[in-house]
Amino acid sequence: MVSSFIIPLSHCHDLGLVGGKALGLCRLIEAGFPVPPGLCVTTDAYAHHLHSSSFRDQDEWRRIIGLSESDRLSALAGCRSQINRTEISHLITDCLTALQALGQPPAIRWAVRSSSTTEDTAYASAAGLYRTHLGRTLAEVECAIKDLWASLWELRVISYLARQGRKTAPRMAVVIQPMIDAQAAGVAYSVHPVTRRRSQVMINAIPGLAAPLVDGTVTPDEYVVEVPAEAGKPFQILTRHLARKTDCLRVSNTGLQQASLEEDTQTRSSLTDNQLVVLAQIAKEIERTFGQPADIEWAFDTEQLWILQARPITTVRPTPDLTNDDCEWSRTNFKETLPELPSPLSLSFLEQFMDRYILEHYRRLGCRIPEGLTSVRLLQGRPYLNVTLFHLLVAQLGGDPALNAEQMGGEPLQRPPQVQALGKMTSLRAAWLMLKEMHRVERVGPRVFAAMKGLARTYQRESVLNLSPNELMSELDKLGPWLESREVTFGIAGGVGQCLQIFSKVLPGWLGPDWRMLLNAALQGQGTVISAQQILRLAEVTGIAKRDRHTHTILTSASWNPTTFRTTLAGTEFLHAFDKYLEDYGHRGVGESDVMSPRLADNPTAILSILRAQVISDAPSQDTVLLRQGNKQVSALAEIRQRLGWRLDRWAIFLWCYRRLCRFFSLREANRHHLMYYSAAIRTLLIRLGERLVEQGLLRQRDDIFFLTIADRTDLMNGNTQDWNAIIAARRAEREQRIAIKVPDTVHDWTAVRHRTVTQDHAGEDCALSGIPISIGTVTGSVRLIRSAADWSKVIPGEILVVPVIDPGLAPLFGLAGGLIAEMGGTLSHGAIIAREYGLPAIANVESAMLRLSDGVPVTLDAGSGTIRIGPSQSVESI
């Protein structure tokens with residue numbers, strides 16, 4: 001044997017001699033990774049034996065490169081034929097001797113793999129380009145070697161290398177190793193091939209040998225493992241998508257065999273959690289050894305993990321930045337203020353609003369937003385908020401992002417990202433800018449709110465009836481810049497967040513574990529939250545109805561007809577007060593952030609049904625409600641003062657933050673209330689524009705205008721000749737289909753839920769539910785599910801309302817409700833502020849409450865502990 005013809009894998013240091021695969025295995029062996037023993041038949045053996053048969057590989061390569069494709073085919077076939085006739089008996093004798101010296105059992109089967117000089121390099125992987133022979137006996141090794149030599153002379157190889165500009169012939173070495181009796185095998189990427197995240201290892205696995213996976217003939221189990229950034233922290237299995245596996249390929253002393261899997265194992269994971277972690281650790285260690293991400297073939301036998309191959313990944317450039325698929329998403333505030341399926345128009349506005357009025361502020365403060373990351377994403381027509389992004393932003397500014405879920409609603413992050421805080425000077429600048437903005441909104445807020453209310457009066461329907469489509473578009477175009485110069489949302493949110501960050505740091509130590517309950521109670525009865533004043537105004541109108549005998553008789557009559565109320569109640573004090581109520585609150589509504597959503601003034605009979613129920617039920621008067629709220633507030637503040645004891649400095653700090661928080665809470669709700677005047681002005685213009693376009697034959701009905709995006713509307717008005725009616729019809733049909741589709745409120749893995757209908761079955765679950773306490777109190781009552789405004793008239797006083805979210809538009813019902821349960825929501829949501837201000841016991845973030853509860857079911861709601869007990873209560877504690 002010539003020593004350069006056959007060498008152990010552990011001596012394969014020269015790429016030109018042993019090829020890429022053998023070189024990679026040698027590096028793995030030297031680094032201590034578990035690689036099956038083996039040998040390499042080198043490129044010297046290949047060149048020597050071909051030259052001995054008068055085959056000059058370099059000359060043949062240059063000749064074939066210059067041929068047409070059809071001529072190449074015949075020339076390559078001739079090359080392969082000549083190679084297969086080459087005499088290599090002495091080489092095979094020496095090869096078999098070397099294999100037997102490895103000390104493997106006599107009946108062992110062998111894997112014979114290519115190791116070309118152009119294979120598994122840092123510049124090109126050549127993955128799948130050459131052949132592999134599995135399960136060979138010693139007697140079959142000679143044919144396998146010749147076939148691999150000949151596989152270098154295939155048209156796909158010539159074409160692949162020619163595209164890379166290669167002008168010289170590569171050479172083929174051959175790797176021979178004993179077969180592993182794999183219980184599971186597959187491929188691991190040390191960097192996620194889609195998201196390009198270095199912190200994520202992707203693993204594909206199947207039972208038995210990996211050949212069907214590598215060939216692409218089976219669907220593997222797919223896993224993503226998160227690698228901790230800090231040593232000592234645990235690995236986390238982010239996703240596991242298990243395929244149905246009906247059979248597997250196994251090796252035995254008789255060769256390769258296809259084995260059927262038992263029914264109960266077909267959907268079982270190919271790997272245990274421990275095996276996944278071990279494999280992810282090995283993958284990252286191999287990456288460090290290679291100095292770049294690696295594609296690894298591996299196998300587990302009954303005893304250990306084996307590395308069969310590792311090649312540099314040449315098609316993925318890792319990124320340290322987050323991508324949208326890395327992030328976690330929640331419906332949070334969007335579900336609270338938008339309908340279940342927002343209109344295309346509102347979705348297009350939402351994306352603009354978030355970038356222009358929220359993210360742009362963070363950029364000005366110096367925060368870094370990873371390129372390509374967005375704040376909003378759609379799933380089955382529903383918008384989701386990027387909670388990972390807002391975790392990043394809050395953390396960069398030095399805040400506690402753990403409070404985000406509590407304040408906005410939704411679930412805590414499962415995978416908090418690594419965050420680099422802003423530098424000292426940038427942080428100081430950001431703090432100064434934030435304080436300046438908070439001061440500005442306190443100063444200009446009332447003036448801005450008055451302007452917004454005036455805007456709604458300017459654009460009343462009567463004043464836009466005679467405007468042409470172009471004039472209506474011109475007015476709509478003015479409203480964007482108009483809002484930009486008057487936007488106060490970010491500064492108000494900053495003021496609220498500042499106070500709550502301070503309270504979360506100091507109050508647990510000052511007041512104890514129930515500090516949140518005490519703070520919530522102290523925030524009741526402020527009398528300055530405009531959305532909560534709506535409920536008091538209803539109580540005032542109810543009081544008028546009770547005092548006036550004529551109104552009382554009409555409203556409580558069994559023959560009551562709400563459609564004729566203006567005739568039957570004409571001239572009454574009640575009707576005057578009711579119209580004044582509509583003037584102040586008629587622009588609000590359920591899902592009111594969508595301009596397509598109807599407003600209370602569009603259907604006043606819904607409010608009348610609530611007033612009628614309050615009159616019949618003898619609901620508490622406005623004075624009673626105010627007294628109840630005030631008592632809770634006074635009691636909570638007294639308890640806080642007592643717990644702070646003699647520490648006057650603590651009481652001073654508390655009062656400063658408390659009063660500031662109350663001011664900003666009030667500003668927050670006033671801002672929303674008056675933004676709905678702005679929205680009402682836009683809605684009036686849009687409806688009139690829709691009517692004008694119907695007159696021109698461009699739309700079929702006026703509401704079609706809401707099914708065009710902002711860009712669509714501009715295109716239509718500029719004369720774009722698309723079939724807009726067909727586009728709108730398709731969007732309407734798609735919307736109808738999506739109504740029946742359930743989606744999760746929180747998405748931890750976007751790729752796992754994309755295009756998938758989510759079904760939930762909670763039958764047989766515990767009779768206790770839990771969530772985040774929003775407004776304290778304990779109450780027992782029957783459940784009433786509120787899916788839409790159509791359910792308002794069904795509400796009986798004292799019932800526990802169960803809603804998807806605490807929509808501010810539900811405020812009129814709070815005067816009837818005994819308590820409130822919401823599937824989503826946080827302590828800072830608009831609806832939560834209203835419920836707390838009104839003193840209504842409320843719990844949010846109760847998973848799947850709309851599915852797990854039904855009308856008439858008795859529940860006991862304890863909003864102090866955040867628990868809901870299903871079933872009759874032994875004792876009833878009134879709010």
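Analyst: A charge is taken to sit over a ring if NZ of Lys or CZ of Arg is within 6 Å of the ring centre and within 35 degrees of the ring normal. Arg647 meets this description, lying over the face of Trp646 at 5.6 Å from the ring centre. The model is predicted, with local features requiring pLDDT of at least 70 and side-chain atom pairs pLDDT 80 or more, while totals for chains, interfaces and linings use all residues. Residues are numbered from 1 along each chain as its sequence is written, and side-chain values use heavy atoms, without hydrogens or water.

Rings of Phe, Tyr and Trp (for Trp, its six-membered ring) pair if their centres lie within 6.5 Å; planes under 30 degrees apart are stacked, those over 60 edge-to-face, and the rest tilted. The count by this rule is 15 aromatic pairs. In one of them, the ring centres of Phe349 and Phe353 are 6.0 Å apart and the planes stand at 40°, so this pair is tilted. Both residues belong to helix α11 (residues 344-365), where they are four residues apart, about one turn of the helix. Helices (H or I, at least four residues) and strands (E, at least two) are DSSP runs numbered from the N terminus. Burial is judged by relative accessible area with a 1.4 Å probe and protein chains only: under 20% is buried, over 50% exposed, and in between partly exposed. Phe349 is partly exposed at 33%, whereas Phe353 is buried at 16%.

Trp651 and Phe654 also form a pair, a stacked one, with 5.7 Å from centre to centre and 20° between the planes. These two residues are three apart in helix α25 (residues 648-695), about one helical turn, and both are buried. Ring pairs join Trp651 and Phe654 with Phe503 and Tyr658 in a cluster.

Arg72, Ala75, Leu76, Cys79 and Ile83 are buried in α4. Seen down the axis, the buried residues of α4 fall within an arc of 105°, so they line one face of the helix; the arc is that of the directions from the helix axis to the C-beta atoms. Ser70 and Ser74 are exposed on the other side of α4.

Among the strands, eight form an open sheet with mixed pairing, in the order β18-β25-β24-β20-β21-β22-β23-β19. Its edge strands, β18 (768-770) and β19 (772-775), each pair on one side only. Strands pair if DSSP finds at least two bridges between them. β18 runs antiparallel to β25 (residues 867-870), to which three bridges join it, and Ser770 stands opposite Thr867 of β25.

Two loop residues complete the picture. Gln380, although not a glycine, has a positive phi of about 50°; it lies in the loop between β15 (376-379) and β16 (382-386) and is buried, with a relative accessible area of 17%. Ser848 also has a positive phi, near 55°, without being a glycine. Ser848 is in the loop between β23 (842-844) and α30 (849-852), and at 7% relative accessibility Ser848 counts as buried.
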